[in-house]
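Subject: Handing over the two-chain model

Dear colleague,

I am passing the structure below on to you, and after it I set out what was found in it. Please keep it open beside this message while you read.

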Amino acid sequence: MVKASNRTIIIKSIVAIIFALIWVFPVVWLLLSSFKPGSELFTYPLTLFPKDWSADGYVSTFQRYNILQSTYNTAFITIFATIITLVISCMCGFALAKYHYKWLSAFFMCMLATTMLPTEVIMSPSFTVILNLGLYNSLWGAIIPTVGTMTGVFLMRQFFISVPNELLEAARIDGANEGRSFLQIMVPLCRSQIAILAIFSFRWRWNDYIWPLLALTDPTKYTMQLQLRTLSGAESVDWSALLSFSVITMIPVLVVFIIFNRQIMSSEVSSGVKG
Amino acid sequence: MKKKKNSLDHNQGWALLFCGPNILFFIIFFLWPAVIGLYYSFTNYDGWRNMDFIGLKNYIDLFQDSQFYSVFWNTVKYVVVSVPLGMVVSLFLAMLLNDETIKGNSFTRVLVYWPTLLSTIMVGVTWKWIFGESFGVANYIIQGMGLPKVGWFSTPTAAFWTTIIASVWSGCGVNMLIYLGGLKQIPADLYEAATIDGANTWQRFRNITIPSLKPVTFMILLTSMINAFKVFAMVQTLTNGGPGTATTYMIQYIYQTGFTRNRHGYASAASMILFVVLLLISFFQTRLNAKSEE
């Protein structure tokens with residue numbers, strides 16, 4: 001790199017700080033607003049910090065909306081979808097990397113093509129499929145359709161390509177069958193990839209909207225996103241409840257991000273696609 | 001020889017077993033809906049009783065439907081503004097935050113990245129709160145500067161820009177990281193040699209940075225365009241497609257036509273048109289990319 005002078009560094013730092021503030025402001029504003037009492041939300045002059053801090057919004061949200069139920073639903077969907085995604089993506093990625101058949105590469109092309117036709121585009125027919133499979137209004141209707149993800153398979157395939165074939169050959173010579181060498185040699189190797197995919201999948205499913213929207217109709221089965229959507233789509237928005245509810249929905253993702261931010265940000269570069 | 005062939009066939013069974021679940025899910029939740037969608041687009045399916053084959057009528061009607069044109073045009077406008085703007089901001093941020101000698105940079109990167117973790121609805125709620133017409137902080141600041149307040153959700157142009165701002169804000173983080181990865185790949189001696197030859201900052205940017213980032217840029221362009229075309233929940237939360245239908249984009253139109261007005265056949269025809277658009281975009285970009293690499 002060309003050595004930067006002190007002046008450039010100062011200018012760059014100032015610009016960077018400005019951008020950081022712009023980027024962080026919206027959510028900080030939302031967070032601080034959620035601690036304002038209802039009367040203070042809409043009265044000018046606005047202040048960044050609440051004049052008197054109050055958790056009323058949170059209390060009334062907990063009382064009036066069944067947050068525990070929707071948290072449970074969301075967690076249920078997230079956990080089971082993630083487990084299934086991990087298992088099948090790992091297997092499929094392994095097969096795509098280590099076997100070479102024409103139909104396999106054809107299938108890989110098909111997987112890549114799924115990005116061209118996202119579920120958002122074909123919601124009506126996807127709904128028909130859910131209905132025909134008897135998944136309508138069941139939490140599994142928001143789980144099963146989501147588990148086959150191109151990004152997950154791609155992530156695993158890229159990893160297994162980097163694993164030397166000799167490992168597999170050696171196991172074959174020792175008489176291990178493919179299933180055993182996959183389970184005993186390959187799976188332990190890709191632990192860090194599994195962790196990354198688990199984090200990604202957690203975020204996708206926690207924030208998912210489309211499949212829960214299609215599959216779930218009973219309010220007791222609603223996920224947090226559906227409830228958030230109902231709250232924010234109301235004729236007259238109950239901002240006090242909406243603000244605190246939206247803060248609650250983002251806590252889990254925020255916690256996971258704080259713990260794993262290094263892994264998340266470095267893996268984003270290599271995958272770069274959304275599930 | 002014979003034994004080898006046998007073991008290969010044997011492995012083929014294993015490969016099928018390993019891929020089985022994904023193949024199954026691909027067929028059930030991608031191929032099947034796609035085929036049904038294509039079929040629906042030739043029918044008058046209303047989600048309940050009627051499903052008569054009506055040939056190309058939906059397509060013919062769509063091409064004469066002024067509402068469809070206006071939605072399609074809105075969507076194209078949204079894509080054409082939000083994608084390049086998002087890319088320029090991402091590249092700018094990547095170059096700004098690339099310098100490892102500045103201590104705060106890695107933290108700033110975290111701050112810029114993290115809105116990408118929010119759900120699309122959450123992004124909508126966040127900006128809806130900021131742009132609230134009589135209570136939002138945006139109008140408060142604007143009025144503080146002595147300007148008249150903006151009807152963010154009641155004037156079409158302002159509403160359009162709220163969707164753009166929300167999309168750039170929430171999408172930049174990922175693209176910035178990908179650009180940062182690209183910048184790190186450019187050998188430092190290229191810049192040094194150029195400096196010795198007397199190239200100024202702009203010339204270095206124009207002749208080294210831009211060409212080196214070409215493959216990355218193509219990738220970001222393709223994914224951002226597809227993501228922009230399928231924008232739905234964020235805009236639905238933020239503006240609900242309004243005022244009128246000024247910010248109703250394709251997916252919301254398809255959703256409303258199908259599920260609110262029960263015209264699943266008509267909605268599916270619109271889906272197929274959008275699918276063809278996405279297909280053409282990726283086709284041309286892959287071609288263009290291949291050409292530029294020759």
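Before we come to helices that cross, a definition is needed: a helix axis is a line fitted to C-alpha atoms, over the stretch in contact, and the angle between two axes runs from 0 to 180 degrees between N-to-C directions. Helices themselves are DSSP runs (H or I, at least four residues), as strands are (E, at least two), and both are numbered from the N terminus.

Please bear in mind that this is a predicted model, in which local features need pLDDT of at least 70 and side-chain atom pairs count only at pLDDT 80 or more, while totals for chains, interfaces and linings use all residues. Residues are numbered from 1 along each chain as its sequence is written, and chains are lettered from A and ligands numbered from 1 in the order in which they are written.

Chain A

Chain A is built with 13 helices and 0 strands. Its radius of gyration (taken over C-alpha atoms) is 23 Å, well over the 19 Å that the globule rule gives for 275 residues, so chain A is more spread out than a compact globule; that rule is 2.2 Å times the number of residues to the power 0.38. Along the principal axes, the C-alpha atoms of chain A fill a box of roughly 75 × 65 × 30 Å. Of its 275 residues, 41% count as buried, where buried refers to 20 or more other C-beta atoms within 10 Å of a residue's own, with C-beta atoms placed from the backbone (12 or fewer is exposed, and in between is partly exposed). Two residues are in contact if their C-beta atoms, placed from the backbone, lie within 7 Å, and among the contacts in chain A between residues at least 6 apart in sequence, 75% join residues at least 24 apart.

How do α4(A) and α10(A) cross, and at roughly what angle? Their axes come within 9 Å and cross at roughly 140°, and the two helices are therefore oblique to each other, given that angles under 35 degrees count as roughly parallel, over 145 as roughly antiparallel, 65 to 115 as roughly perpendicular and the rest as oblique. The crossing of α4(A) and α10(A) is right-handed, a term used if the near helix is turned clockwise from the far one by less than a right angle, whereas anticlockwise gives left-handed. Among the residues that make the contact are A:T74, A:I77 and A:A81 of α4(A), and A:I194, A:L197 and A:R205 of α10(A). By class, this contact has 9 nonpolar, 6 polar and 1 charged residues; here Ala, Val, Leu, Ile, Met, Phe, Trp, Tyr, Cys and Pro count as nonpolar, Asp, Glu, Lys and Arg as charged, and the others, Gly among them, as polar.

Helix α10 (residues 191-206) of chain A also packs with helix α7 (residues 150-162) of chain A, their axes coming within 10 Å and crossing at roughly 165°, which makes α7(A) roughly antiparallel to α10(A). Here A:G152, A:L155, A:M156 and A:F159 of α7(A) meet A:Q193, A:I196, A:L197 and A:S201 of α10(A), and the contact has 5 nonpolar, 3 polar and no charged residues.

Chain B

Chain B, too, has 13 helices and 0 strands. Its radius of gyration is 24 Å, well over the 19 Å that the globule rule gives for 294 residues, so chain B is more spread out than a compact globule. Of these 294 residues, 40% count as buried.

Helix α5 (residues 120-130) and helix α7 (residues 156-185) of chain B pack at an angle of about 125°, with their axes 10 Å apart, which makes α5(B) oblique to α7(B). In this contact, B:V123, B:G124 and B:W127 in α5(B) meet B:T162, B:I165, B:A166 and B:S170 in α7(B).

Further along, B:M176 is found in helix α7 of chain B. Is B:M176 buried or exposed? B:M176 is buried, with 28 other C-beta atoms within 10 Å, and, leaving aside neighbours within four places in sequence, it is in contact with B:S90, B:L93, B:A94 and B:V112.

Where the chains meet

The contact between the chains takes 73 residues from chain A and 80 residues from chain B. On the side of chain A that touches chain B, the largest share, 14 residues, comes from α1(A), and by class that side has 50 nonpolar, 16 polar and 7 charged residues.

With best wishes
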